[in-house]
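Please take a moment to look over the sequence and the structure below before reading on.

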Amino acid sequence: MTNQKSVIFAFRGDPLCFIHVLLNGIDLHERGQEGLIIIEGEAVTLIPQMAKPEHFLSTLYQKAKKLGLLHGACKACSAKLKVEKEIEKQGIPFIGDMSGHPSMGEFIEKGYQIITF
């Protein structure tokens with residue numbers, strides 16, 4: 001086990017890209033490392049889709065959610081892309097301390113390595 005801390009900022013709304021966000025977040029967790037996931041940009045639109053049991057990412061999404069890896073969704077992007085209510089229903093907190101968007105600087109100050117997708 002290590003004390004490595006990483007935060008994955010997912011921007012792309014492509015489910016075939018986002019699968020790697022979920023897999024890596026879960027893998028980091030299983031290795032005893034901290035691997036938080038921040039959902040940004042068009043990726044916020046995936047949340048309502050993944051919440052549906054029939055979606056191919058639903059199982060991984062639910063696992064990441066249960067493990068507490070989904071640290072938050074971008075407040076500004078969720079509003080702009082009109083998915084706030086769906087994200088709220090999923091219990092994922094909104095983050096937006098930088099003009100409505102999550103700050104990478106805040107995580108860097110706390111010793112996190114930033115990974116972007």
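**From the whole chain to single residues**

Among contacts in the protein between residues at least 6 apart in sequence, 72% join residues at least 24 apart. The model is a predicted one, and in it the protein has six helices and five strands, which follow one another from the N terminus in the order β-α-β-α-α-β-α-α-β-α-β.

The overall dimensions can be considered next. The C-alpha trace of the protein spans about 35 × 35 × 20 Å along its principal axes. A compact globule with 117 residues would have a radius of gyration near 13 Å, and because the protein has 13 Å, its value agrees with that expectation. Of the 117 residues, 41% count as buried, while the protein exposes about 6,400 Å², with carbon and sulfur atoms supplying 53% of that area.

The strands can now be placed beside one another. Five strands make up an open sheet with parallel pairing, and their order across the sheet is β4-β3-β2-β1-β5. The edge strands, each of which pairs on one side only, are β4, at residues 94-95, and β5, at residues 113-116. In general, the strands of a sheet pair through backbone hydrogen bonds, and they do so in either a parallel or an antiparallel way. Here strand β3, covering residues 70-74, pairs with β4 in the parallel sense over two bridges, and Cys74 has Ile95 in β4 as its bridge partner. Helix α1, formed by residues 15-30, packs on the sheet, where it touches β1 (5-10), β2 (34-39) and β3, and the direction of α1 makes about 165° with that of β1.

Most residues other than glycine have a negative phi. Lys82, however, has a phi near 55°, a positive value in a residue other than glycine. Lys82 belongs to the loop between α4 (75-80) and α5 (84-89), and it counts as exposed because its relative accessibility is 68%, where exposed means over 50%.

Where does Ser99 lie? Ser99 is found in the loop that runs between β4 and α6, the helix at residues 104-109. Although Ser99 is not a glycine, it has a positive phi of about 55°, and because its relative accessibility is 74%, Ser99 counts as exposed.

Notes:
Residues are numbered from 1 along each chain as its sequence is written. This is a predicted model: local features need pLDDT of at least 70, side-chain atom pairs count only at pLDDT 80 or more; totals for chains, interfaces and linings use all residues. Side-chain values use heavy atoms; hydrogens and water are left out. Two strands pair if DSSP finds at least two bridges between them. Helices (H or I, at least four residues) and strands (E, at least two) are DSSP runs, numbered from the N terminus. Contact means heavy atoms within 4.5 Å. Axes are lines fitted to C-alpha atoms, for helices over the stretch in contact, and angles run from 0 to 180 degrees between N-to-C directions. The radius of gyration is taken over C-alpha atoms; the globule rule is 2.2 Å times the number of residues to the power 0.38. Buried means under 20% relative accessible area, exposed over 50%, partly exposed in between (1.4 Å probe, protein chains only). Accessible areas come from the Shrake-Rupley method with a 1.4 Å probe; for residues, only the protein chains shown count as cover.
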